[in-house]
Amino acid sequence: MKALQDKTAFITGAGSGIGRESALKMAAAGAQVVVCERDEEAGRRSVESIEEAGGSAFLVVADVSDDAQMREAIETACSRGGGIHVLFNNAGIFPDGDGSPVDTPLDIWQWVIDVNLKGVFLGCKYGIPAMLDSGGGSIINTASFVAVMGAATSQIAYTASKGGVLAMTREIAVEYARQGIRANALCPGPVRTPLLEEFLSDPDVKARRLVHIPMGRLAEAEEIANAVLFLASEASAYVTGTTFLVDGGIAAAYVTPE
Ligand SMILES: NC(=O)c1ccc[n+]([C@@H]2O[C@H](COP(=O)([O-])OP(=O)(O)OC[C@H]3O[C@@H](n4cnc5c(N)ncnc54)[C@H](O)[C@@H]3O)[C@@H](O)[C@H]2O)c1
C-alpha cells in the first residue's frame with residue numbers, strides 16, 4: 001500500500017516551488033491532492049502534471065490571507081475530496097521592500113504578516129475541524145531557518161512571520177496531540193525556487209549567502225518535498241511539535257568549510 005493511500009492532502013501555494021514538488025510527491029504516494037493557489041494558471045499546471053503522472057488532484061483558487069476564501073476552500077476540499085488528512089500550509093511571500101525594521105514600510109510589513117502568518121492561522125482555523133472530522137492527520141506549516149537564526153541583512157517582516165509560524169505550530173501540536181493531529185514546523189534553508197532566485201539574482205548577494213551553508217549549495221525543492229512527505233505520512237507517527245530543519249547544516253554551523 002502506498003504511504004498516503006486513501007488520504008486527502010490540502011496544499012497551499014501548490015502551484016510553484018516547494019508546494020508544487022510536494023504536491024507531485026504526495027500524489028505519487030497515493031494522496032488525492034487539493035491544490036490551493038492564488039495563481040489559477042500555476043495551480044492548473046500542477047493539477048495537470050499530477051494527472052499526467054496518473055495521480056488525482058483538483059484546484060481550489062484562494063488567497064490564503066482571505067478569511068472567507070479559506071473557509072470556502074476547506075469546505076470544497078471536504079465536500080469534493082472527502083475530508084482532509086494532510087494540511088500543508090506552505091504559501092508564502094518574500095517581497096521587495098522587506099528589509100530592516102527602520103526601512104520597511106508598514107504596508108509591506110502587513111502584507112507579509114497577512115500571507116505568511118495569518119494565512120497559516122486561517123489554514124489551521126478551518127483545517128483542524130475538518131481533520132478532526134476525518135479522524136486526524138498531519139499538519140505541516142512552513143516556517144524557515146530564519147525563524148531560529150538572525151541575519152545582519154534582515155527581512156524583518158518575513159522573519160517575524162516565520163517566528164510566529166514556528167511558535168503557533170508548537171502550540172497546535174501540544175493542544176491536539178491526543179486528538180490524533182500532529183503538527184510540525186518545516187524550516188527549510190535557502191531553496192532554489194522562484195521565491196529565492198529573484199532575490200539571489202545579484203551574484204554578490206548569492207555568494208554572501210552560500211558561504212554560510214556547510215553544504216555550499218542551495219537546496220532543491222524536491223529535497224524539501226522529501227521531508228514534507230515524511231512528515232505527512234505515518235513514517236513520522238511519533239514526530240510532532242518539531243522545528244524540522246532541512247537546511248544543509250546552516251543552523252549547526254559556526255564556521256563553515258573553506
Ligand atoms: N525558497 C526558499 O529559499 C525558502 C526557504 C525557507 C522557507 N521558504 C518558504 O517555503 C514556502 C514556499 O516557498 P517557495 O520558495 O516554494 O515559493 P514560490 O514563490 O516558488 O511558491 C509560492 C507559491 O505560493 C503562492 N502564493 C503566494 N501567495 C499566496 C496567497 N496569498 N494565497 C495563495 N497562494 C499564494 C504563489 O502563487 C506560489 O505559487 C514559503 O512559505 C516560503 O516562505 C522558502
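Which polar backbone atom lies 3.4 Å from a nitrogen atom of the ligand? To find out, open this predicted model and select Arg38: the backbone atom belongs to that residue.

**Stop 1: contacts of the ligand**

A polar atom of the Asn90 backbone lies 2.7 Å from an oxygen atom of the ligand. Next, show the side chain of Tyr158. One of its polar atoms is 2.6 Å from an oxygen atom of the ligand.

**Stop 2: the shell around the ligand**

Select the residues around the ligand; there are 29 of them. Ser16, Glu37, Tyr158, Val191 and Thr193 come nearest. By class, the shell holds 14 nonpolar, ten polar and five charged residues. Colour the helices next. Helix 1 (17-28), helix 5 (156-176) and helix 6 (194-199) are the elements that give two or more residues to this shell. Helix 6 gives the most, with three residues.

**Stop 3: the largest pocket**

Hide the ligand and look at the space it took: this is the largest pocket. The pocket contains about 1,200 Å³ of space. Its lining is made up of 44 residues, and those nearest its centre are Gly92, Ile93, Phe94, Thr193 and Leu195. Thr193 was also among the residues that come nearest to the ligand.

Which elements give two or more residues to this lining? Select helix 1, strand 2 (32-37), helix 4 (106-133), helix 5 and helix 6 to see them. Helix 6 supplies the largest share of the lining, five residues. Colour the lining by class, and 22 residues come up as nonpolar, 13 as polar and nine as charged.

**Stop 4: the second largest pocket**

Move on to the second largest pocket. About 480 Å³ of space lies there. Select Phe145, Gly150, Ala151, Ala152 and His212, which are the closest to its centre among the 21 lining residues.

Then show helix 5 again, together with helix 7 (203-210). Each of these two helices supplies at least two residues of the lining of the second largest pocket. Helix 5 also gives two or more residues to the shell around the ligand and to the lining of the largest pocket. To finish, colour the lining of the second largest pocket by class: twelve residues are nonpolar, seven polar and two charged.

Conventions
Residues are numbered from 1 along each chain as its sequence is written. This is a predicted model: local features need pLDDT of at least 70, side-chain atom pairs count only at pLDDT 80 or more; totals for chains, interfaces and linings use all residues. Side-chain values use heavy atoms; hydrogens and water are left out. A residue is near a molecule or strand if one of its heavy atoms lies within 4 Å of it. A polar contact is a pair of N or O atoms within 3.5 Å; within protein, one must be able to donate a hydrogen and the other to accept it, and residues adjacent in sequence count only if both atoms are side-chain atoms. On a 1 Å grid over the protein atoms alone, a cavity is a set of points where a 1.4 Å probe fits but cannot get out, and a pocket is an open set with protein on both sides within 12 Å along at least five of seven lines; lining residues have an atom within 4 Å of a point. A molecule sits in a cavity or pocket if more than half of its atoms lie within 2 Å of its grid points. Helices (H or I, at least four residues) and strands (E, at least two) are DSSP runs, numbered from the N terminus. Ala, Val, Leu, Ile, Met, Phe, Trp, Tyr, Cys and Pro count as nonpolar, Asp, Glu, Lys and Arg as charged, and the others, Gly among them, as polar. Grid points are joined across faces, edges and corners, and a volume is the space filled by probe spheres set on the points.
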